[in-house]
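Hi,

Here is the structure I promised to pass on to you. Have a look at it first, and my notes on its aromatic residues and helix packing follow below.

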Amino acid sequence: LFSDVHFDPLAAPALVPALVAAPVEGWRDILAKGPAGFSPYGQDTNNALFQSFLDAMVAASPKPDFILFPGDLLCHHFWALYPKLSNDASQAGLEAFIHKTVEYFLSEVSRRFPGVPVYVALGNNDSTEGDYRIQPASPYLAATAQTLARLLPTEASRSDFMSTYPHYGCYAVTLPEAGGVRLVVINDIFWSVKYPDASLGEPVAAFLERELTASRVRGEKVWLMTHMPLGD
């Protein structure tokens with residue numbers, strides 16, 4: 001399990017135009033040209049720190065059964081930094097750059113852990129709309145659905161994921177790697193006191209109730225993964 005990386009592809013402003021122009025397959029070479037030093041305390045994760053801790057993860061556990069990532073993939077203030085550093089104020093440009101950031105981040109995880117399933121929850125920074133501002137059927141959900149589905153181990157888990165994730169960022173899958181435990185992933189950003197529309201939390205609660213009821217009927221054990229501790 002690793003969490004709250006807040007990866008910042010904008011940490012080296014001189015590289016931003018090349019990142020905007022390049023397909024995500026070229027990002028590793030571009031970002032490798034950035035400063036070798038780690039981002040300092042109090043700043044989000046630059047590429048040097050990102051690569052370093054992935055190497056440390058492999059050294060600590062080279063062949064995990066699966067990986068959990070409960071959210072906050074994107075850096076703070078992504079939505080203000082991108083237009084400032086790219087000279088692109090368009091929503092389409094922001095969404096495309098966020099999509100490439102997610103693709104790069106998860107491809108680097110998979111490069112270190114090939115074939116290992118990765119299960120991801122959404123953090124409050126993981127959106128195209130802003131901090132604690134994700135909307136139902138958000139462009140972020142549409143842009144990342146296929147990327148996250150590819151990290152799942154079976155066609156059944158991918159089907160379960162795609163049936164619900166694009167709507168509210170919630171999903172439930174069975175973990176064969178954990179003896180058939182049902183993993184229920186909740187986007188509890190809609191439940192936060194910082195979210196402006198409390199009514200949007202109701203469909204998430206209904207989803208959780210349906211999943212827990214079905215798992216009780218089937219006699220399954222359940223793990224619940226959220227970004228924020230429930231009740232926080």
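**Aromatic pairs and helix packing**

Phe50 counts as buried, since its relative accessibility is 0% (buried means under 20% relative accessible area, exposed over 50%, partly exposed in between, with a 1.4 Å probe and protein chains only). Before going on, a word on the basis: this is a predicted model, in which local features need pLDDT of at least 70 and side-chain atom pairs count only at pLDDT 80 or more, while totals for chains, interfaces and linings use all residues. Residues are numbered from 1 along each chain as its sequence is written, and side-chain values use heavy atoms, with hydrogens and water left out.

Phe50 and Phe105 form a stacked aromatic pair, 5.0 Å centre to centre with 15 degrees between the planes. (Rings of Phe, Tyr and Trp, the last by its six-membered ring, pair if their centres lie within 6.5 Å; planes under 30 degrees apart are stacked, over 60 edge-to-face and the rest tilted.) This pair links distant parts of the chain, as Phe50 is in helix α3 and Phe105 is in helix α5 (residues 91–112), 55 residues apart. (Helices are DSSP runs of H or I with at least four residues, strands are runs of E with at least two, and both are numbered from the N terminus.) Phe105 is also buried, with a relative accessible area of 0%.

Searching the whole structure gives 21 aromatic pairs. In one of them, Phe50 and Phe53 have ring centres 5.6 Å apart and planes at 70 degrees, so the pair is edge-to-face. Both residues lie in helix α3 (residues 47–60), three residues apart, or about one turn of the helix. One aromatic cluster includes Phe50, Phe53 and Phe105, along with Trp27 and Tyr82.

Now to the helices. Helix α4 (residues 78–86) packs with α5 at an angle of about 110 degrees, their axes 10 Å apart (axes are lines fitted to C-alpha atoms, for helices over the stretch in contact, and angles run from 0 to 180 degrees between N-to-C directions). The two helices, α4 and α5, are therefore roughly perpendicular (65 to 115 degrees; under 35 is roughly parallel, over 145 roughly antiparallel and the rest oblique). Phe78, Trp79 and Tyr82 of α4 make the contact with Gly93, Leu94, Phe97, Ile98 and Thr101 of α5 (contact means heavy atoms within 4.5 Å).

Helix α6 (residues 139–149) and helix α7 (residues 155–168) pack at about 165 degrees with axes 9 Å apart, and α6 and α7 are therefore roughly antiparallel.

Best wishes
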